[in-house]
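Hi everyone, thanks for making time.

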Amino acid sequence: MARRSQAMDAVGAEAELKMGFETLEVVQKDRSIPVYYIYLNRPAQRNALTLPFFSELPRALAALDRLPSARALVLSGCGPHFCAGIDLSSLASSITAAPSSDDDPAAVRELLRRRILALQDAISAVERCRKPVVAEIHGACVGGGVDLAAACDIRCCSEDAFFSVKEVDLALAADLGTLQRLPAIVGYGNAADLALTGRRVSASEAKAMGLVSRVFPTRQALEEGVAALASGLAEKSSLAVMGTKAVMLRSRDLTMDQGLEYVATWNAAMLMSRDLKEAVSAQLQKRKPAFSKL
């Protein structure tokens, strides 16, 4: 019954992906490698984020989350830049439209609050996805691009990449996750420096402060390095990778004792998996393990 349900889920996920997207391109480059690539696909606009993106990204991630052939994901951008941030011209009319004289100001503000929460939810979908997501960053990573990158599990970039929390220069406080996630990634002082100044940070400085974990000399080297990284993740037990991601995200908001209790409870439920037995057998037999599909 479980296998039939999983198979039906996979068919539905594949159908969802085949419907296509306006702002994204989702591809599996090699069908023998269970890694899928999500490309921001508005290169002429430096992959600036429009309203359709905020509905399409969660839809793509939800489908890939259910797809057993997707064991690791890479988030990248088409063209010379990763992401230039939110496309203000397309969002302004929807988010900051002037109310009519008959509108209750409180109701207008509550509507704006719900719209912001919906945009936040789209970025948080990257974190909620059970599969590991690797950010492959080149060129500009600005504003909303930093929100996206911060929600990924691992961040890599090429030497030409640069980063800027640009919202302060637009008379805004960044509101899609950067101010919440960045301090845990780079430390409060570095996060405050970036968010309050809006200054441009090079790839080497981003590496030094921990914003990215790996820097590659060229875009080609970045693509090859990230492909190898994602393939390595895809070879591991999906249950173990999912559990590690879930426990780390939950523990981020807990005390040490609470985090230890959470992982103890998690492993009490998951330790007796077939993958654990397979990993031990493979080690003893000096062979490559064959893990279960998630």
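When I say contact, I mean heavy atoms within 4.5 Å. And before anything else, keep in mind that this is a predicted model.

Gly139 sits in the loop between strand 4 and strand 5, which covers 140-142. What does Gly139 touch, once we leave aside its neighbours within four places in sequence? The list is Pro80, His81, Ser158, Asp160, Ala161 and Phe162. Gly139 is also buried, at 3% relative accessibility, because the cut-off for buried is under 20%. For a sense of scale, take Gln283: Gly139 and Gln283 are 144 residues apart in sequence, and their C-alpha atoms are 42 Å apart in space.

Now, the helices. Two packed helices are described by the angle between their axes and the distance between the axes. So here's the first pair. Helix 2, residues 51-66, packs with helix 4, residues 105-128, at an angle of about 25°, and their axes are 9 Å apart. Angles under 35 degrees count as roughly parallel, so helix 2 and helix 4 get that label. The crossing of helix 2 past helix 4 is left-handed. From helix 2, the contact uses Leu51, Phe53, Phe54, Leu57, Pro58, Leu61 and Asp65, and from helix 4 it uses Leu119, Ala122, Ile123, Ala125, Val126 and Arg128. How do those residues divide by class? Eleven are nonpolar, none are polar and two are charged.

The angle between helix 4 and helix 5 is about 25°, with the axes 8 Å apart. Helix 4 and helix 5 are therefore roughly parallel too. Is this crossing left-handed or right-handed? For helix 4 and helix 5, it's right-handed. Here Ile123, Val126 and Glu127 of helix 4 meet Asp147, Leu148 and Ala151 of helix 5. That contact has four nonpolar residues, no polar ones and two charged ones.

Which residues of helix 9 are buried? They are Ala221, Leu222, Gly225, Val226, Leu229, Ala230, Ser231, Leu233 and Ala234. The cover over those buried residues includes strand 2 (35-40), strand 3 (72-77), strand 4 (133-137), strand 6 (154-158), strand 9 (214-216) and helix 10 (238-251).

Last stop, a few loop residues. Arg42 is in the loop between strand 2 and helix 2. Arg42 is buried, with a relative accessible area of 17%. Beyond its neighbours within four places in sequence, Arg42 is in contact with Thr23, Asn47, Ala48, Thr50 and Asp87.

Then some backbone angles. Most residues other than glycine have a negative phi. Arg46, also placed in the loop between strand 2 and helix 2, has a positive phi, near 55°. Arg46 counts as partly exposed, at 49% relative accessibility. Ala171 has a positive phi as well, about 65°. You'll find Ala171 in the loop between strand 7 (162-164) and helix 6 (178-186), and it is exposed, with a relative accessible area of 74%.

Definitions and conventions. Residues are numbered from 1 along each chain as its sequence is written. This is a predicted model: local features need pLDDT of at least 70, side-chain atom pairs count only at pLDDT 80 or more; totals for chains, interfaces and linings use all residues. Side-chain values use heavy atoms; hydrogens and water are left out. Axes are lines fitted to C-alpha atoms, for helices over the stretch in contact, and angles run from 0 to 180 degrees between N-to-C directions. Helices (H or I, at least four residues) and strands (E, at least two) are DSSP runs, numbered from the N terminus. Angles under 35 degrees count as roughly parallel, over 145 as roughly antiparallel, 65 to 115 as roughly perpendicular and the rest as oblique. A crossing is left-handed if the near helix is turned anticlockwise from the far one by less than a right angle, and right-handed if clockwise. Ala, Val, Leu, Ile, Met, Phe, Trp, Tyr, Cys and Pro count as nonpolar, Asp, Glu, Lys and Arg as charged, and the others, Gly among them, as polar. Buried means under 20% relative accessible area, exposed over 50%, partly exposed in between (1.4 Å probe, protein chains only).
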